[in-house]
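User: Please take a close look at one helix in this model, and then follow the chain through the other local features worth noting.

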Amino acid sequence: MADDTSIFIGASRKPDDSYQRAEELLLRYGNRHGLITGATGTGKTVSLQVLAEGFSNAGVPVFCADIKGDLSGIAMMGEAKDFLVKRAGQVKLDPYQFQEFPVIFWDLFGEQGHPIRATISEMGPLLMSRLMNLTEAQEGVMNIAFRIADEEGLLLLDLKDLQALLANMADRADQLSARYGNVTKPSVGAIQRTLLVLESQGAANFFGEPALRIADIMRTTRDGRGAVSVLAADKLMMNPRLYATFLLWLMSELFEELPEVGDLERPKLVFFFDEAHLLFEDAPKVLIDRVEQVVRLIRSKGVGVYFVTQNPLDIPEKVLAQLGNRVQHALRAYTPREQQAVRTAAETFRPNPDFDCATAITQLATGEALVSMLEDKGVPAMVQRTLIRPPSSRLGPITPDERRKIIAESPVAGQYDQAVDRESAFEMLQKKTKEAQEAEAQAQQQNSGGSRWTIPGFDDVLGTSGRRSSNRQTVAEAAIKSVVRSVGSSVGRAIVRGILGSLARGR
């Protein structure tokens, strides 16, 4: 049975289906990453819940996504249902104790948890390009935008900052092209249109401040348990590219912010990446290389990454090779691709002479899995056919009232609720534009010689509207002024004659 150095997962079975031994995940190898795979409805979510409970009880914070809402039950105490008690007896889980776990709910949309935000600058050009599905040329423009923001001291915090910068780039495309390479207005326009689509999908809620502090997903309670951060992802899955990009950003932030710690007695954080195929689907090679690099190096920061997906073929081979702790639920093998997935999954395990791994994968019952964890010296254990233990927390979703109560009592309540809009690229570029317009107007006024007499209807011709900066008279202006002088002279002579005549008559 598990102790404070391991997590009890379940019990393996002998060929006659009798109890064999307890299967455990050793905490000192918890940062060696893992994989949970299986077809829909075979028990992947329960395996995730069991592992999350075990890590939390061991004092390890957990971050996981709740795709269907079922995982939210980890926040409430479980109930003694017949099938759970029966399973506890089969795996010799005695006593079978029920628990509720310290949960912090998060939501990119701020509806079912505390809002999560990141700035555009933190996301970076590579992830923004991935999120927006940009072409190679458009990705080049995005890289230039981030370079200009750095050089000109423009903070890119939210979508309107990036939109303002792109508009500014379009206005001076010729100047920028001479310095950075081809910056075309059509490419800029295409990026701007994509930003509008992102905004309409609710991504504007994600970009901004206050940005998520990594420390807030690495909390522990006073009794030494690790907090379980649960990301509400049912609505987020309507935009799977945003979901995958966010989790990759979070994993990258952990990698960049956390110090090197080497091998520890237990991880500092465990990160579950559900629906992991979305991360690699149609991803460019540079992004896959980035994921492979982060997964390879982040374990030295004390972080374990566990991918959860239906098919092991969803994970690139270089990443798959680094996932030492494995839980394989049943797979269907009706199509050639499904048959290949079964063979691939079977070949990744250390063989067990008691059964054929490929055959067993297609015959596993719900809640049963092939399990292979790293044992002493980090060597994969022989694969075992295992009954997964029942969770201690609630099996199934919590109610909206229960969720609201947990959110209100959360240790981060009030810290992320209100968005902060400080001066950034949008305001700075607006200020520069206004100053440039005022300087231009002042220069035009100086060039026009200040205010002067005008004739109604001839303002534009005489330049008082500020449309022309030259002081030279046009042919039309000279003709008009000649007429004015002529009219003025005739009227003046008539007035003089009238005055002299009246004086003569007075004599």
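Analyst: Eleven of the 14 residues of α1 are buried, so this helix is largely enclosed by the rest of the structure. Buried here means under 20% relative accessible area, exposed means over 50%, and partly exposed covers what lies in between, with a 1.4 Å probe and protein chains only. Helices are DSSP runs of H or I with at least four residues, strands are runs of E with at least two, and both are numbered from the N terminus.

The model is predicted: local features need pLDDT of at least 70 and side-chain atom pairs count only at pLDDT 80 or more, while totals for chains, interfaces and linings use all residues. Residues are numbered from 1 along each chain as its sequence is written, and side-chain values use heavy atoms, with hydrogens and water left out.

Helix α1 covers residues 44–57 and reaches 20 Å from its first C-alpha to its last, close to the 20 Å expected at 1.5 Å a residue. The expected span is 1.5 Å times one less than the number of residues. The buried set of α1 is Lys 44, Ser 47, Leu 48, Gln 49, Val 50, Leu 51, Ala 52, Glu 53, Gly 54, Phe 55 and Ser 56. Just after α1, Gly 59 has a positive phi of about 85 degrees.

In α12 the buried residues are Ala 341, Val 342, Thr 344, Ala 345 and Ala 346. They pack against β10 (325–328) and α13 (357–363).

A helix pair comes next. The axes of α3 (residues 120–132) and α8 (residues 240–257) come within 10 Å and cross at roughly 155 degrees. That makes α3 roughly antiparallel to α8, the class for angles over 145 degrees; under 35 counts as roughly parallel, 65 to 115 as roughly perpendicular and the rest as oblique. Axes are lines fitted to C-alpha atoms, for helices over the stretch in contact, and angles run from 0 to 180 degrees between N-to-C directions. From α3 the contact (heavy atoms within 4.5 Å) takes in Glu 122, Met 123, Leu 127, Arg 130 and Leu 131, and from α8 Arg 241, Leu 242, Thr 245, Leu 248, Trp 249 and Glu 253.

The loops hold some backbone exceptions. Most residues other than glycine have a negative phi, and most peptide bonds are trans. Asn 133, in the loop between α3 and α4 (136–151), has a phi near 55 degrees; at 53% relative accessibility it counts as exposed. Asp 282, in the loop between α9 (277–280) and α10 (285–298), has a positive phi of about 60 degrees and is exposed at 67% relative accessibility.

The bond from Asp 94 to Pro 95 is cis, with omega near 5 degrees, and Pro 95 is in the loop between α2 (82–90) and β5 (103–107). Glu 209 and Pro 210 are also joined by a cis peptide bond, with omega about 0 degrees; Pro 210 lies between α7 (185–200) and β7 (228–232) in a loop.

Asp 158 sits in the loop between α4 and α5 (159–171) and is buried, with a relative accessible area of 13%. Asp 158 is 39 residues from Thr 119 in sequence, with 6.0 Å between their C-alpha atoms. Not counting residues up to four places away in sequence, Asp 158 touches Ile 120, Phe 207, Gly 208 and Asp 421.
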